Amino acid sequence: FELFDVPKLKELTTRWVKIVKFYSRKTIRVASLLYGFFAFVFLTGLMFLVLGFFQTFYFLPATLLLLPQLFSVVRAGMRFKKIEKIFPEYGEEMRKTKWNVLALDFFVKFLILYNIAKARKMRSISWRGREYRLDKAD
């Protein structure tokens with residue numbers, strides 16, 4: 001069990017995206033479209049939520065657009081509980097980060113889009129002190 005700060009999390013997830021891109025560019029294209037769509041829906045839902053405070057009829061589309069995100073956070077909480085039961089020896093450490101993990105669920109779509117954009121410019125990855133060149137898929 002390892003705690004991550006934001007820079008370390010961005011480095012790790014960017015490395016994962018770069019490796020996936022190295023092996024399958026099509027997967028990254030599909031991921032770009034899907035996560036771009038999810039981010040668009042989320043931001044549109046937030047926009048409608050703000051507009052709902054001025055015109056109440058905007059609350060309905062805001063609810064419809066933001067409800068999947070709420071369900072996603074609930075699913076993340078359920079997944080967290082299951083993992084906690086599978087690995088009880090890490091329970092105390094995991095409980096310290098529970099709310100961070102649930103909050104992160106809101107921003108994963110933006111993190112993945114950031115990773116995809118950053119991975120486009122990367123030519124190598126560093127892992128465990130070694131540098132690996134990845135030129136095939138670029």
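**Core.** I began with the largest nonpolar core, which has 6 residues in all: Val17, Ile28, Ala31, Ile112, Ile116 and Ala119. Here a nonpolar core is a set of buried Ala, Val, Leu, Ile, Met, Phe, Trp, Tyr and Cys residues joined through side-chain atoms within 4.5 Å. Helices are DSSP runs of H or I with at least four residues, strands are runs of E with at least two, and both are numbered from the N terminus.

**Ground rules.** I noted that this is a predicted model, where local features need pLDDT of at least 70, side-chain atom pairs count only at pLDDT 80 or more, and totals for chains, interfaces and linings use all residues. Residues are numbered from 1 along each chain as its sequence is written, and side-chain values use heavy atoms, with hydrogens and water left out.

**Val17.** I set aside neighbours within four places in sequence and found Val17 in contact (heavy atoms within 4.5 Å) with Ile28, Asn115, Ile116 and Ala119.

**Ile125.** Next I looked up Ile125, which sits in strand β1 (residues 124–127). Is Ile125 buried or exposed? Ile125 is buried, because its relative accessible area is 7% and buried means under 20%, exposed over 50%, partly exposed in between (1.4 Å probe, protein chains only). Beyond its neighbours within four places in sequence, Ile125 has contacts that include Arg15, Lys18, Ile19 and Tyr132.

**Phe53.** My last stop was Phe53, in the loop between α2 (25–52) and α3 (59–86). Phe53 counts as exposed, because its relative accessibility is 62%.
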